[in-house]
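Please go through the structure shown here. The report takes it helix by helix, then turns to single residues.

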Amino acid sequence: MKISLHLEKDGQEIKIDLGFESLESINYSFRDIPENSEAFEFLSDHPSQSVRSNVASKKHLSSESLFKLALDESDDVRSSIAYNERFQKHATIDVIKEMLQKGGGAAENIVSYASSFTKVSIDEIEQVISELENPAPRLLQYVANSYDFSLEIIEKLSEHDDADIAASARESIKNRSDY
């Protein structure tokens, strides 16, 4: 992918080719407005994960680009899209399931923002997590610390083999009973 910057001044025009580092800085500063949506779509395929991660934070993306970025090979990109309010509004349980299966920071962000998803319920997210074959300890600790998830899953985690997960779950149960 080749990116060029077009400059005009007093009738003169110049074109400057930009490398990925320049693009990363410029892309971050692009205003998130409908007029820039075509550029965001174009950049959602850029080979630099930093460029794609910046694009993933933009709300003026097509649903197709949102879902493509949600399944990106880069956890940084998937983590950014999990924070995206437009993604949270349009995400389906199938996409959420794939992201949770891939794990990493994106899965943790889904747990942290579980109540923000419009089309996917917390119960559905909880079900997917309970069906994961080998969930990461940090993901389970996020669940244990969350007030969004059911007491039932927290109680199961209070008996987990990992001492930190179990302790977090027991503390969460205690804090819930104090309210």
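The model is predicted.

Helix α7 spans residues 93-102. Its buried residues are Val95, Ile96, Met99 and Leu100. These four cover an arc of only 135° around the axis, so they sit on the same side of α7. An α-helix has 3.6 residues a turn, so residues three or four places apart point the same way. The face turned away from the buried side carries Asp94 and Gln101, which are exposed.

What does the buried side of α7 pack against? Its partners are α4 (63-70), α5 (75-83), α6 (85-90), α8 (104-112), α9 (122-131) and α10 (137-145). Just after α7 comes Gly103, with a positive phi of about 75°.

## The α7–α9 crossing

The axes of α7 and α9 come within 10 Å. They cross at roughly 35°. The crossing is right-handed.

Which residues meet here? From α7 come Ile93, Ile96, Lys97 and Leu100. From α9 come Glu124, Ile125, Val128 and Ile129. Two of the α7 residues named here, Ile96 and Leu100, are also among the buried residues of that helix.

## The nonpolar core

The largest nonpolar core holds 42 residues. Six of them touch the most other members: Phe87, Ile96, Met99, Leu100, Ile125 and Phe149. Ile96, Met99 and Leu100 belong to the buried set of α7. Ile125 is one of the α9 residues at the crossing with α7.

Leu100 shows how such a residue is surrounded. Setting aside residues up to four places away in sequence, Leu100 touches Ala107, Ile110, Ile125, Val128, Ile129, Leu132 and Leu139.

Helix α1 covers residues 20-29. Leu23, Glu24 and Asn27 are its buried residues. They cover an arc of only 105° around the axis, which puts them on the same side of α1. Glu21 and Ser29, on the other side of α1, are exposed. The buried residues pack against β1 (3-9), α2 (37-43) and α3 (49-56).

Asn54 lies in α3. Is Asn54 buried or exposed? Its relative accessible area is 16%, below the 20% cut-off, so Asn54 counts as buried. Apart from neighbours within four places in sequence, Asn54 contacts Glu24, Asn27 and Tyr28. Glu24 and Asn27 are buried residues of α1.

## Asp10 in the β1–β2 loop

Asp10 is in the loop between β1 and β2 (12-18). Its phi is near 50°, a positive value in a residue other than glycine. Most residues other than glycine have a negative phi. Asp10 is exposed, at 72% relative accessibility.

Ser158 lies in the loop between α11 (151-157) and α12 (163-178). Its relative accessible area is 15%; this is under 20%, so Ser158 is buried. Its side chain reaches the backbone oxygen of Glu155 at 2.5 Å. Beyond residues up to four places away in sequence, Ser158 touches Ala166, Ala169, Arg170 and Ile173.

Ser150 sits in another loop, between α10 and α11. At 23% relative accessibility, Ser150 is partly exposed. What does the side chain of Ser150 reach? It reaches the backbone nitrogen of Ile153 at 3.3 Å. Leaving aside neighbours within four places in sequence, Ser150 is in contact with Glu126 and Arg176. Ser150 and Ile165 are 15 residues apart along the chain, and their C-alpha atoms are separated by 16 Å.

Asn145 belongs to helix α10. Asn145 is partly exposed, with 43% relative accessibility. Asn145 and Arg170 are 25 residues apart in sequence. Their C-alpha atoms are 9.4 Å apart in space. Arg170 is also one of the residues that Ser158 touches.

Conventions. Residues are numbered from 1 along each chain as its sequence is written. This is a predicted model: local features need pLDDT of at least 70, side-chain atom pairs count only at pLDDT 80 or more; totals for chains, interfaces and linings use all residues. Side-chain values use heavy atoms; hydrogens and water are left out. Buried means under 20% relative accessible area, exposed over 50%, partly exposed in between (1.4 Å probe, protein chains only). A polar contact is a pair of N or O atoms within 3.5 Å; within protein, one must be able to donate a hydrogen and the other to accept it, and residues adjacent in sequence count only if both atoms are side-chain atoms. Contact means heavy atoms within 4.5 Å. A nonpolar core is a set of buried Ala, Val, Leu, Ile, Met, Phe, Trp, Tyr and Cys residues joined through side-chain atoms within 4.5 Å. The arc is that of the directions from the helix axis to the C-beta atoms. Axes are lines fitted to C-alpha atoms, for helices over the stretch in contact, and angles run from 0 to 180 degrees between N-to-C directions. A crossing is left-handed if the near helix is turned anticlockwise from the far one by less than a right angle, and right-handed if clockwise.
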